[in-house]
Amino acid sequence: MTTLITGVSGHLGSLILDHARARVPAGELVAATRHPERVGDLGVEVRPGDFAGDLSRTFEGVDKLLLVSADGPDDARIAMQRAAVRAAADAGVRHVLYTSVFEADTSPLSLAAAHRATEEAIRGTGVAFTFLRNGMYHENYLAPGPLVTAAGDGRIASASRDDLALAAAIALTEPGHENTVHELTGPRAWSFDELAALRGATHTAVTPAERVAGLKGFGLPDFVAELLTDIEVNIGRGALAEVRPDLEKLIGRAPTTIEDAARGR
Ligand SMILES: NC(=O)c1ccc[n+]([C@@H]2O[C@H](COP(=O)([O-])OP(=O)(O)OC[C@H]3O[C@@H](n4cnc5c(N)ncnc54)[C@H](OP(=O)(O)O)[C@@H]3O)[C@@H](O)[C@H]2O)c1
C-alpha cells in the first residue's frame, strides 16, 4: 500500500506527514511538494508535486492520496485542483482524501466554491473519497496585538491545525473512511470579544468595507483581503458557529480548545 501526501512544505501537510509517519512504515509513505529542495530529508520518498505543473509521474504507483488544498485565487485553484484529481485518477489511485472546508456543499463562504468544485471533481472520478471538511484554524486568530474584525459578535468553532492534521492522518492510515465526509470543528464556538478578553487585548468590530481597506493597507493582495473579510462577515452571520462531534470521534479525545491554543498548550 503506497500512500502519498501533497503539500508537505506547508503547515498542514507537514503536520499530516508527521502524524502519518508515526502510524505506518516510512516505506509506505511518499511526500509531494512544489519545493522538494526546501524540505530536506523527511525520511520518506519525496516527489515534485505542483498541481499547476506536470503530474504525470507524481502519482505513479500510489494507492491512497491525501490532497492538501492549494491556495490562490479561485479560478487558478479550481483549475489546478481539478488537474490534480484527473492526474490521480489516470494514475490509478484508488482512494482520494481531500482537505476541504466546513459544510463545503452548502457553505456561504466565497472560498467554499473552490472546495465544492474539487469535491465534485473527486466524486466524478468514481474513486473512493474522503472529505476532511476543516473548520478555521485556531492559529489564524492568535497573532499578538489588537483584534480588528468584520465578524461583530459572531461565534466560531475553530480547531487546532494539529488536531485537523491528526484527523487527516488517521483517516488516511486507518481502514473504513472510504466515501465519508467529516465535518471538523473545534469543541466550542467563541466570539472575538471573548478571545480578546482571554488575550488581554481589544476587539474592534468594523464594517466589511473598512476591514477590506485595512487589510489592503497591510499590503495584502486584493483577493486575500476580500477573502478574509468574507470569512469574518460569515462568522458574523453564524456560518462557522456549529460544533460537530466528528473531530473528537476521529482523534479519540477532546479537541484542543481556543483557550489552550492561546496559552500555547
Ligand atoms: N482552515 C483554515 O483556517 C485554513 C487557513 C489557511 C488555508 N487553508 C487551506 O488549507 C490549506 C493548507 O493550509 P496550511 O496552513 O498548510 O497553508 P500553507 O502553510 O500556506 O500551505 C499552502 C499549501 O498549499 C499547497 N500548494 C499551494 N500551491 C500549490 C500547487 N500549485 N500545487 C500543489 N500544492 C500547492 C502548498 O504545498 P507545497 O508548498 O508543499 O507545494 C501547501 O501545502 C491551504 O492551502 C488552504 O487551502 C485553511
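The shell around the ligand is made up of eight nonpolar, 10 polar and five charged residues. Here Ala, Val, Leu, Ile, Met, Phe, Trp, Tyr, Cys and Pro count as nonpolar, Asp, Glu, Lys and Arg as charged, and the others, Gly among them, as polar. This is a predicted model, in which local features need pLDDT of at least 70 and side-chain atom pairs pLDDT 80 or more, while totals for chains, interfaces and linings use all residues. Residues are numbered from 1 along each chain as its sequence is written, and side-chain values use heavy atoms, with hydrogens and water left out.

Of the 23 residues around the ligand, those that come nearest are Ser9, His11, Leu12, Thr33 and Ser69; a residue is near if one of its heavy atoms lies within 4 Å. The table gives polar contacts, meaning pairs of N or O atoms within 3.5 Å.

| Residue | Part of residue | Ligand atom | Distance |
|---|---|---|---|
| Ser69 | backbone | oxygen | 2.6 Å |
| Gly135 | backbone | nitrogen | 3.0 Å |
| Arg161 | side chain | oxygen | 3.1 Å |

On its own the ligand has 850 Å² of accessible area, and the protein covers 84% of this (Shrake-Rupley method, 1.4 Å probe).

Thr33 belongs to strand S2, residues 29-33 (a strand is a DSSP run of E, at least two residues). Thr33 is buried, with a relative accessible area of 2%; buried means under 20% (1.4 Å probe, protein chains only). The side chain of Thr33 is 3.0 Å from the backbone nitrogen of His35. Beyond four places in sequence, Thr33 has contacts (heavy atoms within 4.5 Å) with residues including Val8, Ser9, Val39 and Gly49.

Definitions and conventions. Helices (H or I, at least four residues) and strands (E, at least two) are DSSP runs, numbered from the N terminus. Buried means under 20% relative accessible area, exposed over 50%, partly exposed in between (1.4 Å probe, protein chains only). A polar contact is a pair of N or O atoms within 3.5 Å; within protein, one must be able to donate a hydrogen and the other to accept it, and residues adjacent in sequence count only if both atoms are side-chain atoms.
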